[in-house]
Amino acid sequence: MSTDVAEILEKSRELDRLRKEQEDVLLEINKMHKKLHATPEVVEKPGDNSLATLKSLYIQAKDLSENEVSVSQALLSQLDALLPSGPPGQQRRRIEGNEQKRKRLKNDSDIPRLSPFLRNQLDNCASLKGEQVAARVTAENAEKDEWFVVKVMHFHRETKEFEVLDEEPGDDEEGGGQRKYKLPMSCIIPFPKQNDVSSVPEFPPGRHVLAVYPGTTALYKATVVSTPRKRKSDEYVLEFDDDEEDGALPQRQVPFYRVVPLPDGHRQ
């Protein structure tokens, strides 16, 4: 076995190792997600390091993904260098015969390889087609964030963007019809599944959340007063910011499947 071939085999074993490590890290991330969904209040306990552990796992997944891309590109370069050139009389025919193959190899090397973690994220996004989700429809530099309930029409894996439809007719000055948006993944928050309250995370009293205001399809910042499990129902009791009546904040009931975590840096 030549030294070049031995190096290629060694690189391929390294690639297998990186992929296996990524799968292991992804399993640990999913375990942490389930733990935080089941008991979100644990992060508020003194000495708890759940969030630090999750951050460390995300960093590890990112590093492994970047290493996988680097090793894959090195493998492609080694394979390209080993392509036989043949005797002078056959060289032109061989090059012509392999031209399309080389172009395909180059094109493939230009496409970043997806790590298992990112692939799982994209699969989850694609599975939201036809579902209602919470969507921020305002730009990053907007003075205030506006969140609405929208329906996912399509998810583009290549651009990592959602096509969504605001099914509520707009104001007359906005055209009066249903509005469509194309939004990045960071602007979308899936709602909990409404068929099983016991399987979704419960926000403790005092926690700030983003929730659908009763009778509308808009979401606003609110504070949890009482939880579904405590009330033995499927509704939170919430106090919405800026919802003052007669000098006090009224308490409003909102189904658990219309309440999501408050995004970092929310502006209202």
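The structure holds 5 aromatic pairs. This is a predicted model, in which local features need pLDDT of at least 70 and side-chain atom pairs count only at pLDDT 80 or more, while totals for chains, interfaces and linings use all residues. Residues are numbered from 1 along each chain as its sequence is written, and side-chain values use heavy atoms, with hydrogens and water left out.

Q: What counts as an aromatic pair?

A: Rings of Phe, Tyr and Trp (its six-membered ring) pair if their centres lie within 6.5 Å; planes under 30 degrees apart are stacked, over 60 edge-to-face, and the rest tilted. Here, the ring centres of phenylalanine 155 and phenylalanine 162 are 4.7 Å apart with planes at 45°, so this pair is tilted.

Q: Are phenylalanine 155 and phenylalanine 162 buried or exposed?

A: Buried means under 20% relative accessible area, exposed over 50%, and partly exposed in between (1.4 Å probe, protein chains only). Phenylalanine 155 has 7%, so it is buried; phenylalanine 162 has 1%, so it is buried too.

Q: How are the rings of phenylalanine 203 and tyrosine 236 arranged?

A: Their centres are 6.2 Å apart and their planes stand at 40°, so the pair is tilted. This pair links distant parts of the chain, 33 residues apart: phenylalanine 203 is in the loop between strand 5 (188-190) and strand 6 (208-212), and tyrosine 236 is in strand 8 (residues 235-240). Helices (H or I, at least four residues) and strands (E, at least two) are DSSP runs, numbered from the N terminus. Both phenylalanine 203 and tyrosine 236 are buried.

Q: Which residues form one aromatic cluster?

A: Look for Tyr213, Tyr220 and Phe240.

Q: Where does arginine 136 lie, and what is it in contact with?

A: Arginine 136 lies in strand 1 (residues 132-136). With a relative accessible area of 9%, it is buried. Contact means heavy atoms within 4.5 Å. Leaving aside neighbours within four places in sequence, arginine 136 is in contact with Asp145, Glu146, Trp147, Leu183 and Cys187.
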